[in-house]
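The sequence and structure come first, and the points follow by topic.

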Amino acid sequence: MTIDPERLQPMANAIRALTMDAVQEANSGHPGMPMGMADVATVLWDRHLKFDPARPDWDDRDRFVLSAGHGSMLIYSLLHLSGYAKPTIDDIRKFRQLNGPCAGHPENFLLEGVECTTGPLGQGLAMAVGMAIAERHLNAKFGDELVDHRTWVVAGDGCLMEGINHEAIGLAGHLNLDRLIVLWDDNAITIDGSTDLSTSENIKARYEATGWHIVECDGHDFEDIDRALEEAKEANRPSLVACRTVIGKGAPNKQGTSATHGAPLGPEEIAAARDNLDWDAEPFDIPSEILADWRSTGDRGRDELGAWEKRLDDSHHADAYERHMDEIGDLAGSALQAHIQKLAADPVKVATRKASELALEPLTEAIPQMIGGSADLTGSNNTKTSHTDPITADDLSGRYVYYGIREFGMAAAMNGMALHGGVIPYGGTFLIFSDYCRNAIRLSALQQAGVVYVMTHDSIGLGEDGPTHQPIEQVMSLRLIPNLNVFRPCDAIETAECWALALQTPETPSVLALSRQGLPQLRGEGDEDWNSESNRCAKGAYRVRPAKARRQVVLLATGSEVALAMECAEQLEEHAIGADVVSMPCLELFDEQPADYRADLIPDDALIISIEAGATMGWERYTGRKGLNIGLDRFGASAPASDLFDYFGFTADAIVPQIQNILND
């Protein structure tokens, strides 16, 4: 089919008109990017993107990621015009308004067709790398007949300046993800003004150096855009399409300037733009013939969906494929049952990072969807198993990604893998480097992506590497993120239970904070017949040791400090002070429990003590104003772990007298 500019230009102008109208109505938004990229997006949607508006969840659809999420009216216009059920024109009228689906930045949980939540620049592109990894992995497993789609990204200058861009494109080039195509909105404008103010680097050379194919086009010439997209599709490498555009294209007095970036054009400029674009329809009104042209863009995808469904019906992989793409349910608990029962019979003293590796062995054997990885710390994070061969450019059927020293890129890529479907990603680094990952972890929680973060070396217990590597505030600060479960298990059995829980929440990501140092196994008695129903960590906290004498004290602890709390309890009992020990591996799950359960563990008639080798802020909500919080509110030091715990007062001999003083006061 030949290019027909007379058909495509009004279609592109419909995007511009909706964008101007919505941003003006909201008196807020970013019209420049959607207006500048309208021509490119129209060619993509009309001639290249594989989609069916009636089946936005079709597995083999192309993924479209608006990495430049501030230009959200681009995707809202595209979804509405091409026939998705939402957003409706009324939804677009309510752009950026409370409880409307057209948020300021695209949210994947508000609209089908929005593949991921974007806005923090660069992360959309990095998530697209994860989607492309998932696609090529599933293709290697099930073949072209069932998995063969592309991931398209619209990214702006800001996305390409962010440091995560360097991490993401390096990984994509290394793995030769040839179904990944980035459309660069090369308009040479940022909020401050011309990009000349802040950068002089050669973007195309940088991409080329990481192994990408580069092609350029005039972003306002439909034939040239089509040529470039065809060339990108034929490349045997990931492609960057440099689309030279004019920001705010169509607004005669403001186009090409930062004035169109992040503010309404204003009534006078909109009127001038309508004249310039020969657009005489009323605000939010799309002429029927233009809308009909837009609605026809899904015809090709509907035909391809029908052909795909027939191939699936005829495929000898059909049953395996459908099982693989479905949620795993309680498979994790079943996979760990024999492992936990063995631990109950034969206790082990190991670091919880090692306990995690022991749990991962049966998990990765039973759950083929699991793809692991590490940011160059495989031997320290213990994230690789005998069932997870490496993913390489030559063999993408593997199940382990060597991410290199790219913590932020790893976290974002895992978000993309989880959102793609068919993959359950987990990845490791040191807990201290969760700060490198933090914004991607936050996006995991916001967009309900069930990623598992394996964060080892969780306290001063890592020892000699010193305060640069010793987490202090990290665990508690991660607990501040909504919809994120932070697990800090105390032994091998708790670690396995926490893994089971992490894999049972596909819409809630998890952090496993794991120790470097060996920890005694405290659990075992009563776990000989363990099953998923008896997972004691499922309530977030439980009484691991009841008081023997009359209870006066409750010791709350996590991770390595649970064993310390047990020592404190024994000393207190020697003085006829009854002490419960409560292990709290997941505060988030504990907070969800009924009030009577929480009150039973943390009663009003006892002195409540918290013990955690990290920041004490936040523990007051459990210990109360009269309680005691044992922790570390300063940086650590470089020394062997045992010396550090002694020096900073994490011993029973240091803690018990403080408790006695309060009781005797």
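**Briefing: packing, charge pairs and cysteines**

The largest nonpolar core has 127 residues, and those with the most contacts inside it are Phe64, Leu125, Leu183 and Val241. A nonpolar core is a set of buried Ala, Val, Leu, Ile, Met, Phe, Trp, Tyr and Cys residues joined through side-chain atoms within 4.5 Å; buried means under 20% relative accessible area, exposed over 50%, and partly exposed in between, with a 1.4 Å probe and protein chains only. The model is predicted, so local features need pLDDT of at least 70 and side-chain atom pairs count only at pLDDT 80 or more, while totals for chains, interfaces and linings use all residues. Residues are numbered from 1 along each chain as its sequence is written, and side-chain values use heavy atoms, with hydrogens and water left out.

- Leaving aside neighbours within four places in sequence, Phe64 is in contact with Leu44, Trp45, Leu49, Ile75, Leu78, Glu115, Trp152 and Val154, where contact means heavy atoms within 4.5 Å.
- Another core, of 82 residues, lies apart from the largest one and includes Cys490, Leu587, Tyr597 and Ile602.

**Surface patch**

- Phe109, Leu110 and Leu446 form a nonpolar patch on the surface, with about 220 Å² of accessible area together.
- Patches are made of residues with over 30% relative accessible area and no salt bridge, with like charges joined within 9 Å and nonpolar side chains (Val, Leu, Ile, Met, Phe, Trp, Tyr) within 5 Å.
- Accessible areas come from the Shrake-Rupley method with a 1.4 Å probe, and for residues only the protein chains shown count as cover.
- Leu446 is found in helix H18 (residues 434-446) and is partly exposed, at 33% relative accessible area.

**Salt bridges**

- The structure holds 38 salt bridges, each a side-chain nitrogen of Lys or Arg within 4 Å of a carboxyl oxygen of Asp or Glu.
- Arg61 and Glu115 meet in one of these, at 2.8 Å from N to O. The pair links distant parts of the chain, 54 residues apart: Arg61 is in the loop between helix H2 (32-47) and strand S1 (63-66), and Glu115 is in the loop between helix H4 (89-93) and helix H5 (123-142). Both Arg61 and Glu115 are buried.
- Arg55 pairs with Asp57, the closest N and O atoms being 3.4 Å apart; Arg55 is partly exposed, at 29% relative accessibility.
- Asp91 and Lys86 form a salt bridge of 2.8 Å, N to O. Asp91 is buried at 9% relative accessibility, whereas Lys86 is partly exposed at 39%.
- Salt bridges that share partners join Glu135, Arg136, Asp148, Asp178 and Arg179 into one network.

**Cysteines**

- With a disulfide defined as a pair of cysteine sulfur atoms within 2.5 Å, the count comes to 0 disulfides.
- Cys537 is in no disulfide, and the nearest cysteine sulfur, that of Cys498, is 4.1 Å away. Cys537 is buried, at 0% relative accessibility.
- The sulfur of Cys586 is 7.2 Å from the closest cysteine sulfur, in Cys498, and this is too far for a bond. Cys586 is buried, with a relative accessible area of 0%.

- Glu588 is in helix H22 (residues 587-591) and is buried, with a relative accessible area of 14%.
- Glu588 and Phe487 are 101 residues apart in sequence and 8.9 Å apart in space, C-alpha to C-alpha.
- Not counting residues up to four places away in sequence, Glu588 touches Arg479, Leu484, Asn485 and Val486.

Conventions: Helix = DSSP H or I, 4+ residues; strand = E, 2+ residues; numbered from the N terminus.
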